[in-house]
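Here are my notes on the strand arrangement. Please read them alongside the coordinates.

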Amino acid sequence: MAVRRPQKNSSFLAPVPFYWCDRCHAPVMGRVCACGNAARPVSVTPPGDVRPAFPRDRALVNRLFEAEFGVPLIPDDQIAILNKVPDEDRMEEIVLGGAVVCAVRYLPAEERWEVLPREAAASVVQPVKRIVRVTDEAAGYIKEGSSVLMPGVTYVSPEIREGDPVFVLSESGECVAVGRSKMSAEEAASAERGQLVRTRRTQKPVIDVHPSSWEGAIAANETILNTYEEKSVAFIRDVMAKNPDVAATISYSGGKDSLVTLLLTLKAGLRLPMIFADTGLEFPETVQNVHEVSETYGLPLYTQSGADGFWKEFAVNGPPAVDFRWCCKSCKLSPVKTLIESTWGEALSFIGQRKFESAKRLQSPRVWRNKNVPCQISAAPIQHWTAMHDWLYLFREKAPYNPLYEIGLDRIGCFMCPSSDIACMKDIAARYPEMWEMWEERVRVWGDANGKPEEWAAKHQWRIREKAEEDSDMEGHY
Ligand SMILES: [Zn+2]
């Protein structure tokens with residue numbers, strides 16, 4: 001049985017301004033490229049908090065695409081961009097050259113990924129598997145919206161099964177449609193009539209197939225990044241001026257958002273102490289990054305452990321769930337409160353919260369006090385940044401970001417965070433088997449003692465409680 005997960009309610013987030021400059025061959029986070037050219041909008045599924053594909057992401061997409069269509073998709077000399085799409089588990093759109101070329105989707109019930117190609121993919125590579133060829137005459141009709149009918153079909157790849165995603169190519173090699181096959185290759189061989197492919201109507205793709213690089217992307221966004229930096233630095237100075245008697249700090253989690261925030265406080269001429277709430281469930285890379293950043297920038301580090309609090313609560317409540325996230329309070333907020341009260345009495349903390357992270361964050365004020373940590377004033381300098389602004393800025397500043405992003409994690413938190421998708425948890429379990437076995441064992445023991453079935457621990461069912469006992473959206477931001 002698939003574990004159901006509440007869909008993130010992100011539909012009313014304003015779409016991210018995501019464009020492509022065909023002259024610079026680069027993504028542009030605004031209408032106008034630094035070269036002066038008007039950039040072309042890229043239509044991704046909203047909210048479109050796009051981010052770079054890192055080596056592990058690229059390898060995954062290439063492996064999946066090659067398995068289904070016989071060729072790797074992402075050329076070595078092009079940058080790729082990912083866009084997370086709300087789905088049952090994990091789904092990502094892949095953007096090359098300013099066009100969505102496919103989506104990859106994890107099917108938790110079948111424990112496998114599926115690739116949903118778009119026509120634009122055929123401008124980048126020539127698929128050799130799962131292809132249907134039609135006569136040039138039929139291709140003309142299909143391009144105008146007609147169905148892919150049996151009499152016009154000249155070739156069906158032998159591996160095609162019913163329901164498979166396929167490319168429809170003309171005899172001259174042009175991709176005229178993508179869709180799902182309604183018959184297996186065997187059935188198609190004996191069928192004389194009928195619809196072979198249910199096509200997916202997409203706009204004629206505009207794609208830029210030139211080589212691209214992150215250096216080019218940084219240059220194309222230079223004006224935009226400078227403006228974002230200036231505004232955020234002005235915000236930091238303003239908040240500092242309004243709270244002259246409160247000790248200023250930076251909340252550092254080991255994630256990209258808090259690293260950008262830290263860099264901006266440096267740009268504002270500040271050298272603030274770093275606060276790190278160590279849940280005891282961090283990845284080793286995260287703890288290492290926290291120390292590395294502290295050393296690189298010469299900022300004092302204050303760590304407070306929340307591990308005791310976590311396991312005490314665990315004994316009573318069991319594992320935290322998406323709809324029962326008691327963990328942030330005991331692992332993050334309480335330790336931070338203790339730390340601030342004992343060190344400064346009261347503190348102002350710059351934190352890496354962004355409105356594009358969730359609908360709730362969109363509604364959050366830019367300066368606030370959390371009711372659970374009244375001694376802390378929180379302020380969010382990068383409230384209006386998207387993930388792509390973050391990354392371009394970190395690349396430009398050559399900042400020491402957490403290497404976990406390189407291996408395909410897009411959010412850094414506790415290794416067993418219930419808010420992670422199953423695709424990601426499987427990855428983590430494979431990469432950190434000891435950590436994961438320890439966790440699953442703890443969940444199993446608690447489940448056994450509390451009348452939960454065996455699959456509750458093994459099949460990730462603990463992630464959802466199905467009764468919303470508490471959902472305070474306090475993850476990470478303390
Ligand atoms: Zn340009």
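1. In which sense do strand β15 and strand β16 pair, and over how many bridges? The model is predicted: local features need pLDDT of at least 70, side-chain atom pairs count only at pLDDT 80 or more, and totals for chains, interfaces and linings use all residues. Residues are numbered from 1 along each chain as its sequence is written. β15 (residues 247–251) and β16 (residues 274–278) pair in the parallel sense, over two bridges. I275 in β16 is the bridge partner of S251. Pairing here requires at least two bridges found by DSSP between the strands; strands (E, at least two residues) and helices (H or I, at least four) are DSSP runs numbered from the N terminus.

2. These strands belong to an open sheet of six, ordered β17-β16-β15-β18-β20-β19, with mixed pairing. β17 (301–305) and β19 (367–369) are the edges; each has a single partner strand, so one side of each lacks a neighbour in the sheet. From one strand to the next the twist averages 30 degrees (axes are lines fitted to C-alpha atoms, for helices over the stretch in contact, with angles from 0 to 180 degrees between N-to-C directions).

3. Another open sheet, also mixed, has six strands in the order β10-β14-β13-β12-β9-β11. Its edges are β10 (148–149) and β11 (153–156), each with a single partner strand, so one side of each is left without a neighbour in the sheet.

4. β13 (residues 175–181) and β14 (residues 195–199) pair in the antiparallel sense over three bridges. S181 stands opposite V197 in β14. Helix α3 (residues 136–143) packs on this sheet, touching β9 (131–134), β10, β12 (165–170) and β13; contact means C-beta atoms, placed from the backbone, within 7 Å. The direction of α3 makes about 80 degrees with that of β13.

Note on methods:
Two residues are in contact if their C-beta atoms, placed from the backbone, lie within 7 Å.
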